[in-house]
Amino acid sequence: MRKSVLTILWLLIAASAFAQPNPDSLAYDLQRKKINSMLDQRKRRFGDYDESLSQHTGIFGLQTKKDIRRSNEILMDITATDERIFKEIKILLDYRTFEQKQVETKSKDIEESNLAFMRTINRLRQENQRLRNEADQLTEHNEAKDRKYLLVIIVLIITSILLLITRKRAVKP
């Protein structure tokens, strides 16, 4: 039993460790890697272009039309790659803008909820203070009322004692 619980716990920990963090960040990273590979491909093609410019297969070491066409084809391929790179960079920037907007929206939501919590806390503090003041006033009022009752009882006791004393004196002669 203990081994199976430990195994399940270990599997849960491993699953959480290998879980993918944020799909948007993952898409951003994949797009960035794609652009980097395209830039590497462009770099290689530019090296091919530079090499083709130095090739002179014609008479007296001059370039032929075939050499120039090959260089132009490589240059056109580089231009097409550049266009694809620009499109992919645009997509990458759109990802970044989207992520920034998400962060801003989440930040605003959190800020609004924090402000709402603060307003609620302040309202509850004011209500608590008002209730304490009311309780203090009621306590003072009750104490005053209790004092009045006590005073009335004391006066009644004193009056009744005085009446008893005067009646006893009146009965003795």
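In the predicted model, R130 is partly exposed, with a relative accessible area of 38%. R130 forms a salt bridge with E134, and the closest N and O atoms lie 2.4 Å apart. E134 also counts as partly exposed, at 35% relative accessibility. Both residues belong to helix α3; they are four residues apart, so about one helical turn separates them. Elsewhere, salt bridges with shared partners connect R45, D48 and D77 into one network.

The search of the whole structure returned eleven salt bridges. One of the pairs is K90 with D94, with 3.1 Å between the closest N and O atoms. Because K90 and D94 are four residues apart in helix α3, their separation is about one helical turn. D94 is partly exposed, with a relative accessibility of 39%.

R70 and D67 form a further salt bridge, with the closest N and O atoms at 2.8 Å. Here the spacing is three residues, again about one turn of helix α3. R70 reaches 32%, so R70 counts as partly exposed.

These pairs sit within a simple architecture. The protein has three helices and zero strands. From the N terminus, the order of elements is α-α-α. Helix α3 spans residues 65-171 and contains 107 residues. The distance from its first C-alpha to its last is 155 Å. That value is close to the 159 Å expected at 1.5 Å a residue.

Of the 173 residues in the protein, 10% are buried. Helix α3 contributes D67, S71, I74, I78, T81 and D82 to the buried set. I85, E88, L92 and E99 of α3 are buried as well. The accessible surface of the protein comes to about 15300 Å². Carbon and sulfur atoms account for 62% of that surface.

Contacts were also examined by sequence separation. Among contacts between residues at least 6 apart in sequence, 68% join residues at least 24 apart. A pair at such a separation is K34 and E88, which are 54 residues apart in sequence. In space, their C-alpha atoms are 8.1 Å apart. K34 is located in helix α2, which covers residues 23-54. K34, by contrast, is partly exposed, with a relative accessible area of 39%.

A nonpolar patch marks another part of the surface. The patch covers about 840 Å². Its members are Y149, L150, I153, I154, I157, I158, I161, L162 and I165. I153 lies in helix α3. The relative accessible area of I153 is 47%, so this residue is partly exposed, being between the 20% and 50% limits.

Definitions and conventions
Residues are numbered from 1 along each chain as its sequence is written. This is a predicted model: local features need pLDDT of at least 70, side-chain atom pairs count only at pLDDT 80 or more; totals for chains, interfaces and linings use all residues. Side-chain values use heavy atoms; hydrogens and water are left out. Helices (H or I, at least four residues) and strands (E, at least two) are DSSP runs, numbered from the N terminus. Buried means under 20% relative accessible area, exposed over 50%, partly exposed in between (1.4 Å probe, protein chains only). Contact means heavy atoms within 4.5 Å. Accessible areas come from the Shrake-Rupley method with a 1.4 Å probe; for residues, only the protein chains shown count as cover. The expected span of a helix is 1.5 Å times one less than its number of residues. A salt bridge is a side-chain nitrogen of Lys or Arg within 4 Å of a carboxyl oxygen of Asp or Glu. Patches are made of residues with over 30% relative accessible area and no salt bridge: like charges are joined within 9 Å, nonpolar side chains (Val, Leu, Ile, Met, Phe, Trp, Tyr) within 5 Å.
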